[in-house]
Amino acid sequence: MHLLYPLLVSAGLFAIGLYGLLARRNLVLVLMSVELMLGAVSLNLVAFDVWLADVLRSGQVLTLMVIAIAAAEVGLGLAIVLQLFGQRATSAIDDLDTLSEPR
Amino acid sequence: MGSTLIAEVAPSGGPADAPSYLDVTGNEVVFVLIAVITLGAALLCVTSSNVVRAALWLVVSLGGLAGLYLVLTAELVAIVQILIYVGAVVVLLLFGLMVTKAPIGAQPALNTRNRPVAIVVAIATFGLLVAALVDAFRFAYVDLDVGGQGSAETIGGALFGSWVLAFEVLSVLLLAALIGAIALTRRDVGAKGHR
């Protein structure tokens, strides 16, 4: 298989995740877009690992670690979202502008 | 015909042993089919006006990604992807949607007013990545017939051999994240009189 196939799919997935990250209002949906971008990076890692036939399997091992870190990130992110919802009764990122410049 | 066309376009210095893009193999057909499902589901995930449906499209997209790993002979990574993402992460996300009382029905206001800028940025990123990747990896060819590159035995041996320190550090990180999540959500720890 040409290496370009997985690389282009990964680029598309990354761009879609970037769009969701910038365009979504709900904090949980933003977290989902981050997951899509992490998936794109993982696909890149696996494709390069298989291409280079690395003896240490560093690409696939790193992919496993990215998956584990993504699980930790979602757990912590949701804890923050729940805490925020308990205090502000919203999970829309537009309303969370306390630290921004006054408009 | 096709191979001579590619050979004429190819700059000197490119590896001549890479097959033509017109000689499509079965692996590539399967890969492209699963990739269409993955990308389509991802697009529906970020554009759906219903939050629960967006989460379920994410399941389809991440499951398709596991299929892509399988085509790339990374079996263990595919299985772990399904176990952790589809089994745990999406369930957590759905849990978060339910607890924050997100409306289940269709909502018109799920996008911020940044949406046009987001479209431009996403398309520009995609174009930049595609241009760079095509320029750099036109002749790279993956030999998928080697086999056993992603089996549990190989990856497990590497993980508990060369990468065992990183593995242990990662387990400490997971423990820290677990304790952090508990400390964030428990009501009876932290500053008194805060709530």
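Because the model is predicted, local features need pLDDT of at least 70 and side-chain atom pairs count only at pLDDT 80 or more, whereas totals for chains, interfaces and linings use all residues. Residues are numbered from 1 along each chain as its sequence is written, and chains are lettered from A and ligands numbered from 1 in the order in which they are written.

**View 1. The helices of chain B.** Chain B holds 7 helices and 0 strands, where helices (H or I, at least four residues) and strands (E, at least two) are DSSP runs numbered from the N terminus. Of its 195 residues, 23% count as buried, a residue being buried if 20 or more other C-beta atoms, placed from the backbone, lie within 10 Å of its own. Helix 7 of chain B, with 22 residues, reaches 32 Å from its first C-alpha to its last, close to the 32 Å expected at 1.5 Å a residue, the expected span being 1.5 Å times one less than the number of residues. The number of buried residues in helix 7 of chain B is 0, so this helix lies largely in the open.

**View 2. The side of chain B that touches chain A.** Here 80 residues of chain B are in contact with 61 residues of chain A, contact meaning that the C-beta atoms of two residues, placed from the backbone, lie within 7 Å. Helix 5 of chain B gives the most to this side, with 13 residues. The residues on this side of chain B divide into 59 nonpolar, 18 polar and 3 charged (Ala, Val, Leu, Ile, Met, Phe, Trp, Tyr, Cys and Pro count as nonpolar, Asp, Glu, Lys and Arg as charged, and the others, Gly among them, as polar).

**View 3. Helix 2 of chain A against helix 4 of chain B.** The two helices pack at an angle of about 170°, with their axes 11 Å apart, and are therefore roughly antiparallel to each other (an angle over 145 degrees; axes are lines fitted to C-alpha atoms over the stretch in contact, and angles run from 0 to 180 degrees between N-to-C directions). Among the residues making the contact are Met32(A) and Val46(A) of helix 2 of chain A and Val89(B) and Leu93(B) of helix 4 of chain B.

**View 4. Met32(A) and the largest nonpolar core.** Met32(A), Val46(A) and Leu93(B) are among the residues that touch the most other members of this 72-residue core, a set of buried Ala, Val, Leu, Ile, Met, Phe, Trp, Tyr and Cys residues joined through C-beta atoms within 7 Å. The largest share of the core, 15 residues, comes from helix 1 of chain A. Not counting residues up to four places away in sequence, Met32(A) touches Gly20(A), Cys45(B), Ala54(B), Ala55(B), Leu58(B) and Leu93(B).

Terms used. A residue is buried if 20 or more other C-beta atoms lie within 10 Å of its own, exposed if 12 or fewer, and partly exposed in between; C-beta atoms are placed from the backbone. Angles under 35 degrees count as roughly parallel, over 145 as roughly antiparallel, 65 to 115 as roughly perpendicular and the rest as oblique.
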